[in-house]
Amino acid sequence: MMAEDEMADLESDQASTDLEETFNRAAKYLQTLVSELDSGQLLAFYGLYKQATVGPCDIPRPNWYQMQAKQKWEAWKNLGDMSCETAMANYIQGIARINPIWDAEEVKGDEASKWIVFSKLSSGNVELNDEDKTFLDWIKEGNEAKVRELLSGEPALANTPDEEGMHPIHWAADRGYLEILDHLIKSGANINSRDQYGQTALHYVVSCDHVDAVKYLVSIGAQSNIADNDGVTPKEIANEQIAALL
């Protein structure tokens, strides 16, 4: 006959499994809501996701690159020593507050994304008419067909930065748009272009954990030893998995 403590352990293990499965479904469902949430909500979910999947924040404050990176770090760091289980539960509760019947709805997509693209909100939530969109707007939206069309007519767009010094390759790297990165580079984009902070596309994909994009950029010659204006290289901000690729 099973002892009471063994039964309690089994029940605890099952509860943990159920929580993790529900959390994974919630993370997957969130991807369908990104366009409806404001930056504060997205940051809160990001912090909870990192706390749930990695644990308490143990990386230095990123005081050298984009403000968005600082905000993400702070959203995670502010959770302190919160347990993974509590972070999962809070994440699920946050989704339920937005849509109480979310778990009964069909969730599209094959897997939950580890990274939420906060920078898509950097230009605000203003909807632009297609005729008003610039080349960079199409990149930010991830519209591969439109990007390819515009590049075919004007390849020089691949190396035209915005007013803040970010090149198209930086925007594509920030979002992890692998196909668009490929189109830009095949159209002549400088793979090692530096933004106003001295960061390359490799800095961006590394800091955003876009593993496939890291592999791609490294495979075609992106330099991992280029330091930004603060002397930091992509490898120095990479997690263990990505560092092994550089």
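Biologist: Take helix α4, residues 84-98. How far apart are its end C-alpha atoms, and what should its 15 residues span at 1.5 Å a residue?

Modeller: A caution before the numbers: this is a predicted model. The end C-alpha atoms of helix α4 are 22 Å apart. At 1.5 Å a residue, the 15 residues of α4 should span 21 Å, so the two values agree.

Now the sides of the helix. The buried residues of α4 are A87, M88, Y91, I92, G94 and I95. Viewed down the axis of α4, these buried residues fall within an arc of 155°, so they line one face of the helix. An α-helix has 3.6 residues a turn, so residues three or four places apart point the same way.

Residue 84 is a cysteine, C84. C84 is partly exposed, because its relative accessible area of 27% lies between the cut-offs of 20% and 50%. C57 is another cysteine to compare. C57 has a relative accessibility of 8% and counts as buried, because that value is under 20%. The structure holds zero disulfides.

Next, the setting of α4. The protein has eleven helices and zero strands. Read along the sequence, the pattern is α-α-α-α-α-α-α-α-α-α-α. Of the 246 residues, 43% count as buried.

D195 sits in the loop between α8 (178-186) and α9 (201-207). D195 is buried yet has no salt bridge. The nearest side chain of opposite charge is that of R194, 7.2 Å away.

Backbone nitrogens do come within reach of D195. The side chain of D195 reaches the backbone nitrogen of Y197 at 2.8 Å. The backbone nitrogen of Q199 also lies 2.8 Å from a polar atom of the D195 side chain.

T233 is found between α10 (211-219) and α11 (240-243). T233 and Q199 are 34 residues apart along the chain, and their C-alpha atoms are separated by 8.5 Å. T233 has a relative accessible area of 14%, so T233 is buried under the 20% cut-off.

Conventions
Residues are numbered from 1 along each chain as its sequence is written. This is a predicted model: local features need pLDDT of at least 70, side-chain atom pairs count only at pLDDT 80 or more; totals for chains, interfaces and linings use all residues. Side-chain values use heavy atoms; hydrogens and water are left out. A disulfide is a pair of cysteine sulfur atoms within 2.5 Å. Buried means under 20% relative accessible area, exposed over 50%, partly exposed in between (1.4 Å probe, protein chains only). Helices (H or I, at least four residues) and strands (E, at least two) are DSSP runs, numbered from the N terminus. The expected span of a helix is 1.5 Å times one less than its number of residues. The arc is that of the directions from the helix axis to the C-beta atoms. Lys and Arg count as positive and Asp and Glu as negative; His and the chain ends are not counted. A salt bridge is a side-chain nitrogen of Lys or Arg within 4 Å of a carboxyl oxygen of Asp or Glu. A polar contact is a pair of N or O atoms within 3.5 Å; within protein, one must be able to donate a hydrogen and the other to accept it, and residues adjacent in sequence count only if both atoms are side-chain atoms.
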